[in-house]
Amino acid sequence: MITDKLLQLLPEKVRARVEPYAEAAELMSEVRDPKVAAALGPSGVRGLILQRGKQGVPTKIKASHDAHFDWSYPMDQPEMRELYTRAKQNQWDGDTWLDWSTNVDPESPEVRIIPDDFLNFEKLEGYIGARFTPREKARIRSDVAAWQLSQFLHGEQGALFAAAQVTEAVQFFDGKLYGATQVVDEARHVEVFHRYLDTKLNKLYQINDNLFVIIDALMSDSRWDMKFLGMQIMVEGLALGAFGTLYKITNEPLLKELLKNVIRDESRHVHYGVLALREHFHKHISERERREREDWSFEVALLMRNRFLAYEIYEERFEGLLTRAQWRDVVSTSPGLEEFRHVMFSRLVPNLREIGLLSDRIKPHYDRVGLSKYFGGRSADQITTEEMIGELDREASAIPSLALAHA
Ligand SMILES: [Fe+2]
Ligand SMILES: [Fe+2]
């Protein structure tokens, strides 16, 4: 990449200041569709250039959607009503369902939150020109776990507010009742992730700038179906991928149990997204609007795939020891991240197909970036939560490279 070569010529201190801006410009130039760029651009400036998520509290984001009232209370969507009933029956209490007396040592060599090969240590050592002691590796692993869980927590705060907004804005009355249960679910997720970070890992990282961009874009978009597509399909898909990966590879029992319960809730959320958008996209929007949404989701999927690179850890620990481009290389070739991408896209792509955003027009683009193997997968409404958990358990025992996690 030309930018990388130019950056190498700068003195180190200047380079460290310029690199994030160069990356922001590169990010926006990667988005090919002008409508998508226009929709994401302002959020990109707020997140990547102004770093609004890192400027202290509070962060205020203006919302501008319409609240959709219906005084006739129609029972209009039986499948959503059924999800609402299931959600009421499956509520759980983080205080009593999880064993908070579990002793968690994030640097323990025996009970590992994430396995050693989650990060590409070999490459990292090669760039730095030194080898880590087992203790140093344990500390870095612990930081990576805290970073990952911190991003989950920030994402859950976004999900909590987005679920509340969507509940107001959605046109289906049964969807509103269901949405209220999702608000409670997301509050519980904020509660348990925060408690785990606060009392077990004793560390909280700031929100990643790229995650902030997505949350900012969803909060401020006034079109309810875009909010919905972004939150219920893309971000929830991302969350399921990340939670599923961590669930598979961790052997810390409290976190495993926590994630299992959260995954059960999240699979309902994505299911709801598929039901609502399938109905809406098939019956209520024009072909031009459908195409715009199809392009938007492809671009956002790529952004999500390429951009969660744990720069917050780099800035804290490794700045000056290797360049950002080298760090990017370390993170993007890490087995943990590869696994995360696999789980995320195996959930996301079939859901996009199901809601009508995987037409023959866009398929070659997915094919070009290696995602066509997911075209035929099962969507959220075709797989039960227990089947999903069972699948994750089976996959977990079949990953030889992550054998340490199950030792
Ligand atoms: Fe959640
Ligand atoms: Fe959710």
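**Close-up views**

**Figure 1. Helices α8 and α11 are roughly antiparallel to each other.** The term applies to angles over 145 degrees; those under 35 count as roughly parallel, 65 to 115 as roughly perpendicular and the rest as oblique. Helix α8 spans residues 173-201 and helix α11 residues 253-283, and they pack at an angle of about 155° with their axes 10 Å apart. The axes are lines fitted to C-alpha atoms over the stretch in contact, and angles run from 0 to 180 degrees between N-to-C directions. The model is predicted: local features need pLDDT of at least 70 and side-chain atom pairs count only at pLDDT 80 or more, while totals for chains, interfaces and linings use all residues. Residues are numbered from 1 along each chain as its sequence is written, and chains are lettered from A and ligands numbered from 1 in the order in which they are written.

**Figure 2. The contact between α8 and α11 involves residues from each helix.** On the α8 side are Gly-175, Tyr-178, Gln-182, Asp-185, His-189, Val-192 and Tyr-196. They meet Leu-255, Leu-258, Val-262, Asp-265, His-269, Tyr-272 and Ala-276 of α11; contact is defined by C-beta atoms, placed from the backbone, that lie within 7 Å. The residues of this contact divide into 8 nonpolar, 4 polar and 2 charged. Here Ala, Val, Leu, Ile, Met, Phe, Trp, Tyr, Cys and Pro count as nonpolar, Asp, Glu, Lys and Arg as charged, and the others, Gly among them, as polar.

**Figure 3. Helix α7 packs against α8.** Helix α7 covers residues 134-169, and its axis is 8 Å from that of α8, at an angle of about 160°. The two helices are therefore roughly antiparallel to each other. Their contact includes 18 nonpolar, 7 polar and 3 charged residues.

Figure 4. Most residues other than glycine have a negative phi. Ala-310 counts as buried, because 22 C-beta neighbours lie inside 10 Å. The cut-offs, for C-beta atoms placed from the backbone, are 20 or more others within 10 Å for buried, 12 or fewer for exposed, and in between for partly exposed.

**Figure 5. Leu-302 sits in helix α12 (residues 287-307).** Leu-302 has 17 C-beta neighbours inside 10 Å and so counts as partly exposed. Phe-345 is 43 residues away along the chain, yet the C-alpha atoms of Leu-302 and Phe-345 are separated by 10 Å.

**Figure 6. Ser-346 belongs to helix α15 (residues 335-354).** This serine is buried, with 20 other C-beta atoms within 10 Å. Apart from neighbours within four places in sequence, Ser-346 is in contact with Tyr-374 and Gly-377. The C-alpha atoms of Ser-346 and Gly-376 are separated by 9.4 Å, although these residues are 30 apart along the chain.

**Figure 7. The whole protein chain has 17 helices and 0 strands.** Helices (H or I, at least four residues) and strands (E, at least two) are DSSP runs, numbered from the N terminus. The C-alpha atoms fill a box of roughly 70 × 50 × 40 Å along the principal axes. Of the 407 residues, 42% count as buried.

Methods. Two residues are in contact if their C-beta atoms, placed from the backbone, lie within 7 Å.
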